[in-house]
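Thanks for coming. I have one structure for you today, and I will keep to a few of its parts.

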Amino acid sequence: LVLGVNGAGKTTFIGKLATRFRKQGKRVLVGAGDTFRAGAIDQLRVWAERAGADFVGGKAGTDPAAVAFDAIDAAVTRGADVAIIDTAGRLHTSGGLMEEMKKVHRVMAKRLPGAPHETLLVLDGTIGQNAVQQAKQFSEAVPVTGLVVTKLDSTAKGGVVVAVHEALDLPVKFIGVGEGAGDLEAFDPAEFAAALTE
(Lines give C-alpha, C1' and ligand atoms only; values in the text may rest on other atoms or scores of the structure.)
Protein backbone atom coordinates (compact mmCIF):
# COMPACT_ATOMS: atom_id res chain seq x y z
CA LEU A 1 0.00 0.00 0.00
CA VAL A 2 1.47 3.33 -1.07
CA LEU A 3 0.48 6.56 0.73
CA GLY A 4 1.45 10.22 0.68
CA VAL A 5 0.35 13.79 0.11
CA ASN A 6 -0.49 15.21 -3.31
CA GLY A 7 2.56 15.68 -5.49
CA ALA A 8 4.95 13.57 -3.42
CA GLY A 9 5.65 11.26 -6.37
CA LYS A 10 3.60 8.17 -5.49
CA THR A 11 2.59 7.27 -9.04
CA THR A 12 6.13 7.56 -10.37
CA PHE A 13 7.45 5.56 -7.40
CA ILE A 14 4.92 2.78 -8.05
CA GLY A 15 5.98 2.62 -11.70
CA LYS A 16 9.63 2.39 -10.71
CA LEU A 17 8.92 -0.24 -8.03
CA ALA A 18 6.88 -2.33 -10.47
CA THR A 19 9.76 -2.12 -12.97
CA ARG A 20 12.25 -3.17 -10.29
CA PHE A 21 10.18 -6.22 -9.29
CA ARG A 22 9.60 -7.21 -12.94
CA LYS A 23 13.37 -7.11 -13.56
CA GLN A 24 13.69 -9.56 -10.65
CA GLY A 25 11.34 -11.90 -12.54
CA LYS A 26 8.34 -11.33 -10.30
CA ARG A 27 4.74 -11.17 -11.52
CA VAL A 28 3.42 -7.76 -10.46
CA LEU A 29 -0.06 -6.33 -10.27
CA VAL A 30 -0.69 -2.60 -9.87
CA GLY A 31 -3.97 -1.37 -8.39
CA ALA A 32 -5.13 2.18 -9.15
CA GLY A 33 -6.69 3.17 -5.83
CA ASP A 34 -6.41 6.87 -6.61
CA THR A 35 -9.88 7.30 -8.08
CA PHE A 36 -9.98 11.00 -7.22
CA ARG A 37 -7.25 12.79 -9.22
CA ALA A 38 -8.07 13.38 -12.87
CA GLY A 39 -5.85 11.22 -15.03
CA ALA A 40 -4.40 9.21 -12.12
CA ILE A 41 -5.83 5.89 -13.31
CA ASP A 42 -4.56 6.38 -16.87
CA GLN A 43 -1.15 7.56 -15.67
CA LEU A 44 -0.73 4.47 -13.50
CA ARG A 45 -1.97 2.21 -16.32
CA VAL A 46 0.79 3.58 -18.57
CA TRP A 47 3.43 2.91 -15.89
CA ALA A 48 2.09 -0.64 -15.40
CA GLU A 49 2.21 -1.30 -19.16
CA ARG A 50 5.79 0.01 -19.38
CA ALA A 51 6.80 -2.25 -16.51
CA GLY A 52 4.98 -5.29 -17.92
CA ALA A 53 2.74 -5.47 -14.84
CA ASP A 54 -0.92 -6.46 -14.61
CA PHE A 55 -3.29 -3.59 -13.89
CA VAL A 56 -6.57 -3.20 -12.00
CA GLY A 57 -8.41 0.10 -11.90
CA GLY A 58 -11.93 1.32 -11.35
CA LYS A 59 -13.68 4.29 -12.85
CA ALA A 60 -13.03 7.79 -11.59
CA GLY A 61 -15.00 8.31 -8.40
CA THR A 62 -15.16 4.59 -7.52
CA ASP A 63 -14.72 3.67 -3.85
CA PRO A 64 -10.92 3.31 -3.40
CA ALA A 65 -11.41 0.47 -0.89
CA ALA A 66 -13.38 -1.49 -3.50
CA VAL A 67 -10.55 -1.02 -6.02
CA ALA A 68 -8.01 -2.18 -3.43
CA PHE A 69 -10.12 -5.27 -2.67
CA ASP A 70 -10.49 -6.07 -6.38
CA ALA A 71 -6.76 -5.59 -6.95
CA ILE A 72 -5.82 -7.95 -4.11
CA ASP A 73 -8.43 -10.43 -5.32
CA ALA A 74 -7.02 -10.30 -8.87
CA ALA A 75 -3.45 -10.66 -7.58
CA VAL A 76 -4.38 -13.78 -5.62
CA THR A 77 -6.40 -15.26 -8.50
CA ARG A 78 -3.67 -14.57 -11.09
CA GLY A 79 -0.83 -15.80 -8.88
CA ALA A 80 0.97 -12.46 -8.70
CA ASP A 81 4.06 -12.28 -6.52
CA VAL A 82 3.52 -8.63 -5.64
CA ALA A 83 0.51 -6.31 -5.61
CA ILE A 84 1.19 -2.57 -5.36
CA ILE A 85 -1.85 -0.49 -4.45
CA ASP A 86 -1.92 3.26 -5.05
CA THR A 87 -3.99 5.68 -2.96
CA ALA A 88 -5.11 9.22 -3.65
CA GLY A 89 -2.80 11.94 -2.46
CA ARG A 90 -4.21 13.50 0.66
CA LEU A 91 -3.22 16.21 3.05
CA HIS A 92 -2.29 14.72 6.40
CA THR A 93 -4.62 17.28 8.01
CA SER A 94 -7.77 16.06 6.18
CA GLY A 95 -9.70 13.88 8.63
CA GLY A 96 -12.16 12.49 6.08
CA LEU A 97 -9.45 11.39 3.68
CA MET A 98 -7.43 9.83 6.48
CA GLU A 99 -10.53 7.81 7.46
CA GLU A 100 -10.85 6.67 3.83
CA MET A 101 -7.23 5.50 3.94
CA LYS A 102 -7.93 3.49 7.11
CA LYS A 103 -10.85 1.82 5.30
CA VAL A 104 -8.62 0.87 2.36
CA HIS A 105 -6.14 -0.66 4.82
CA ARG A 106 -8.91 -2.67 6.59
CA VAL A 107 -10.49 -3.91 3.35
CA MET A 108 -7.17 -5.20 2.01
CA ALA A 109 -6.76 -7.29 5.18
CA LYS A 110 -10.27 -8.71 4.73
CA ARG A 111 -9.36 -10.08 1.30
CA LEU A 112 -5.90 -11.31 2.26
CA PRO A 113 -5.12 -11.80 5.96
CA GLY A 114 -2.00 -9.87 6.92
CA ALA A 115 -2.27 -7.47 3.98
CA PRO A 116 -0.92 -4.97 3.38
CA HIS A 117 2.44 -6.56 4.11
CA GLU A 118 4.15 -3.20 3.53
CA THR A 119 2.66 0.26 3.90
CA LEU A 120 5.07 2.73 2.36
CA LEU A 121 4.79 6.48 2.92
CA VAL A 122 6.17 8.52 0.04
CA LEU A 123 7.73 11.84 1.10
CA ASP A 124 8.98 14.62 -1.14
CA GLY A 125 12.65 15.16 -0.26
CA THR A 126 12.39 18.87 -1.06
CA ILE A 127 9.82 19.82 1.60
CA GLY A 128 12.03 19.82 4.67
CA GLN A 129 10.67 19.65 8.21
CA ASN A 130 7.01 19.49 7.11
CA ALA A 131 7.76 15.87 6.19
CA VAL A 132 8.08 15.00 9.88
CA GLN A 133 4.55 16.23 10.57
CA GLN A 134 3.21 14.40 7.51
CA ALA A 135 4.86 11.17 8.57
CA LYS A 136 3.50 11.43 12.12
CA GLN A 137 -0.07 11.99 10.93
CA PHE A 138 0.00 9.17 8.40
CA SER A 139 1.56 6.69 10.83
CA GLU A 140 -1.06 7.54 13.45
CA ALA A 141 -3.79 6.65 10.91
CA VAL A 142 -2.35 3.36 9.61
CA PRO A 143 0.73 1.31 10.53
CA VAL A 144 3.41 2.64 8.18
CA THR A 145 6.23 0.12 7.73
CA GLY A 146 8.69 2.19 5.72
CA LEU A 147 9.50 5.44 3.99
CA VAL A 148 10.27 6.36 0.40
CA VAL A 149 11.96 9.70 -0.19
CA THR A 150 11.55 11.10 -3.69
CA LYS A 151 13.05 13.95 -5.69
CA LEU A 152 16.54 13.62 -4.27
CA ASP A 153 17.89 14.38 -7.73
CA SER A 154 16.92 18.04 -7.32
CA THR A 155 18.45 20.57 -4.95
CA ALA A 156 17.23 18.65 -1.89
CA LYS A 157 20.03 17.57 0.39
CA GLY A 158 17.77 14.95 1.94
CA GLY A 159 18.31 15.85 5.59
CA VAL A 160 14.59 15.23 5.99
CA VAL A 161 15.38 11.49 5.86
CA VAL A 162 17.33 11.75 9.10
CA ALA A 163 14.66 13.91 10.79
CA VAL A 164 11.77 11.59 9.91
CA HIS A 165 13.71 8.48 10.84
CA GLU A 166 14.60 10.00 14.22
CA ALA A 167 11.04 11.16 14.90
CA LEU A 168 9.33 7.87 14.04
CA ASP A 169 12.02 5.20 13.91
CA LEU A 170 10.78 4.05 10.51
CA PRO A 171 13.21 2.55 8.02
CA VAL A 172 13.81 4.31 4.73
CA LYS A 173 13.30 1.63 2.07
CA PHE A 174 13.89 3.51 -1.19
CA ILE A 175 15.01 6.86 -2.55
CA GLY A 176 13.99 8.34 -5.87
CA VAL A 177 16.83 9.99 -7.76
CA GLY A 178 15.22 10.84 -11.11
CA GLU A 179 12.18 10.49 -13.34
CA GLY A 180 13.21 7.35 -15.23
CA ALA A 181 11.99 3.82 -14.54
CA GLY A 182 15.44 2.86 -13.26
CA ASP A 183 15.87 5.89 -10.99
CA LEU A 184 14.92 4.10 -7.78
CA GLU A 185 17.56 2.97 -5.32
CA ALA A 186 17.38 0.83 -2.22
CA PHE A 187 18.35 3.08 0.66
CA ASP A 188 21.93 2.67 1.87
CA PRO A 189 22.54 4.67 5.08
CA ALA A 190 26.33 4.84 4.75
CA GLU A 191 26.19 5.92 1.12
CA PHE A 192 23.50 8.47 1.95
CA ALA A 193 25.46 9.92 4.87
CA ALA A 194 28.54 10.27 2.67
CA ALA A 195 26.48 12.11 0.02
CA LEU A 196 25.07 14.52 2.65
CA THR A 197 28.56 15.62 3.64
CA GLU A 198 29.77 16.23 0.09
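I will go through the core, an aromatic pair, a sheet and some backbone details.

Please keep in mind that this is a predicted model.

I begin with the core. The largest nonpolar core has 62 residues. Phe13, Val30 and Ile84 are the residues with the most contacts inside it. Helix H3, residues 64–78, supplies the largest share of this core, six residues. As background, nonpolar side chains in soluble globular proteins tend to be buried together.

What does Val30 touch, leaving out residues up to four places away in sequence? The list is Ile14, Ala18, Leu44, Ala48, Ala53, Asp54, Phe55, Val56 and Ile84. So that list includes Ile84, and Ile84 is also among the residues with the most contacts in the core.

Now back to Phe13. How many aromatic pairs does a search of the whole structure find? It finds one. The partners are Phe13 and Phe174, with ring centres 6.0 Å apart and planes at 50 degrees, so the pair counts as tilted. Phe13 belongs to helix H1, residues 10–23, while Phe174 belongs to strand E7, residues 172–176; the pair therefore ties together parts 161 residues apart in sequence. Are these two residues buried or exposed? Both Phe13 and Phe174 are buried.

One other ring deserves a mention. The charged end of Arg50 sits over the ring of Trp47, at 5.0 Å from the ring centre.

Next, the sheet. Three strands form an open sheet in the order E3-E2-E4, and the pairing is parallel. Strand E3, 54–57, and strand E4, 82–85, are the edges, each pairing on one side only. On average, neighbouring strands are turned by 20 degrees against each other, direction ignored. Strand E2, residues 28–32, is joined to E3 by four bridges. Within E3, Val56 is the bridge partner of Gly31. Helix H3 lies across E2, E3 and E4, and runs at about 150 degrees to E3.

Last, the backbone. Where is there a cis peptide bond? It joins Ala115 and Pro116, with omega about -10 degrees. Pro116 is in the loop between helix H4, 95–111, and strand E5, 120–124.

Lys151 is not a glycine, yet its phi is positive, about 65 degrees. Lys151 is found in the loop between strand E6, 146–150, and helix H6, 159–168. Its relative accessible area is 30%, so Lys151 is partly exposed.

Asp169 also has a positive phi, near 55 degrees, and lies in the loop between H6 and E7. With 59% relative accessibility, Asp169 counts as exposed.

That is the tour.

Terms used. Residues are numbered from 1 along each chain as its sequence is written. This is a predicted model: local features need pLDDT of at least 70, side-chain atom pairs count only at pLDDT 80 or more; totals for chains, interfaces and linings use all residues. Side-chain values use heavy atoms; hydrogens and water are left out. A nonpolar core is a set of buried Ala, Val, Leu, Ile, Met, Phe, Trp, Tyr and Cys residues joined through side-chain atoms within 4.5 Å. Buried means under 20% relative accessible area, exposed over 50%, partly exposed in between (1.4 Å probe, protein chains only). Helices (H or I, at least four residues) and strands (E, at least two) are DSSP runs, numbered from the N terminus. Contact means heavy atoms within 4.5 Å. Rings of Phe, Tyr and Trp (its six-membered ring) pair if their centres lie within 6.5 Å; planes under 30 degrees apart count as stacked, over 60 as edge-to-face and the rest as tilted. A charge sits over a ring if NZ of Lys or CZ of Arg is within 6 Å of the ring centre and within 35 degrees of the ring normal. Two strands pair if DSSP finds at least two bridges between them. Axes are lines fitted to C-alpha atoms, for helices over the stretch in contact, and angles run from 0 to 180 degrees between N-to-C directions.
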